[in-house]
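Thank you all for making time this morning.

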Amino acid sequence: MRRWLGACGGLVALGCSLHLGRAAAPVELRFEAEVVSTPADGWLRDQDRPDKWCLWTTEPEAAKKRSGAQTLKTPVVVEDRARPEDGAPVLRAHCTGIPAGQWDVELPAVVRLLAISLDGRTWRPYRGGPLARGLRIDQGTFDLWVDDRYAWPDHPGPAYFDCVILRRVGD
Ligand SMILES: [Ca+2]
């Protein structure tokens, strides 16, 4: 039930156009990282460990900063990791119930570098902004793999995986 609420509760119409002849109103889908990601034992609640994600629920003013007032965060990555299996486990975010169309994808407020992959094999660093633009989704699902792999030497600390946002850009 929680998974269902998390996925479907994020369907938000951001406004509707009054211009006749316009296509459907812009739509944003929001999937909470801790709802759609597996394995669920890949994180510990409010505990920092070098080999686990932390589901951080005790951050001051979390309701203002984080979607759902909580976020997953990585361990501190001191230097780039050689393999995905090092450090915290790779998380697979499986987003469902997506209407067919074209979508921009973004992860908000990452702060440092997450490792992301669209196929579970090819990785790249990601610090925010468009993760994909105009991605065609016809089968109702979007999968993203997220890992702790890249260091941020100038200001070491965690990177945040809060939620996956899809914004509709076309039919
Ligand atoms: Ca890892």
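I will take the strand pairings in turn, after a word on how to read them.

Please keep in mind that this is a predicted model, in which local features need pLDDT of at least 70, side-chain atom pairs count only at pLDDT 80 or more, and totals for chains, interfaces and linings use all residues. Residues are numbered from 1 along each chain as its sequence is written. Strands are DSSP runs (E, at least two residues) numbered from the N terminus, and two of them pair if DSSP finds at least two bridges between them.

Let me begin with strand E14, residues 163-170, which runs antiparallel to strand E2, residues 27-32, and is joined to it by five bridges; here Glu 32 stands opposite Cys 163. Strand E8, residues 101-106, also pairs with E14 in the antiparallel sense, over five bridges, and in that pairing Trp 103 faces Arg 168.

E13 pairs with strand E6, residues 71-73, through two antiparallel bridges, with Lys 73 opposite Tyr 160.

Another open sheet has five strands, ordered E3-E7-E12-E9-E10, with antiparallel pairing. Its edges are E3 (37-38) and E10 (124-126), each with a single partner strand, so one side of each lacks a neighbour in the sheet. E3 pairs with strand E7, residues 91-95, over two antiparallel bridges, where Thr 38 has Arg 92 as its bridge partner.

Conventions:
Helix = DSSP H or I, 4+ residues; strand = E, 2+ residues; numbered from the N terminus.
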